[in-house]
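Thank you all for coming. Please take a moment to look at the sequence and the model before I start talking.

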Amino acid sequence: MLFFWGVGLLILYAVIETAVRRGVDSSRLHETIQRLEARIEEMQKPSDHE
């Protein structure tokens, strides 16, 4: 009985984790974070002007 309860909780955890990940990936916040990361990477690259 405890085994089935544990398996059920693991399945529920996986479903909730996937839903949250998809929600964050499709949000405006995720898009903003990606743009900021790209801008930071550009700033960290050595420039050819020197």
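This is a predicted model: local features need pLDDT of at least 70, side-chain atom pairs count only at pLDDT 80 or more; totals for chains, interfaces and linings use all residues.

Residues are numbered from 1 along each chain as its sequence is written, and side-chain values use heavy atoms, with hydrogens and water left out.

The chain has 2 helices and 0 strands, where helices (H or I, at least four residues) and strands (E, at least two) are DSSP runs numbered from the N terminus. Its radius of gyration is 20 Å, well over the 10 Å that the globule rule gives for 50 residues, so the chain is more spread out than a compact globule; the radius is taken over C-alpha atoms, and the rule is 2.2 Å times the number of residues to the power 0.38. Along its principal axes, the C-alpha trace spans about 70 × 20 × 10 Å.

How many of the 50 residues count as buried? The share is 0%, with buried meaning under 20% relative accessible area, exposed over 50%, and partly exposed in between (1.4 Å probe, protein chains only).

Turning to charge, the chain has 6 positive and 8 negative side chains, and the centres of the two sets lie 9 Å apart. Here Lys and Arg count as positive and Asp and Glu as negative, whereas His and the chain ends are not counted, and each charge is placed at NZ of Lys, CZ of Arg, CG of Asp or CD of Glu.

A search of the whole structure finds 1 salt bridge, meaning a side-chain nitrogen of Lys or Arg within 4 Å of a carboxyl oxygen of Asp or Glu. Arg-21 forms this bridge with Glu-17, and their closest N and O atoms are 2.9 Å apart. The two residues are 4 residues apart in helix H1 (residues 2–25), and are therefore separated by about one helical turn. Arg-21 is partly exposed, at 47% relative accessible area, and Glu-17 is partly exposed too, at 32%.
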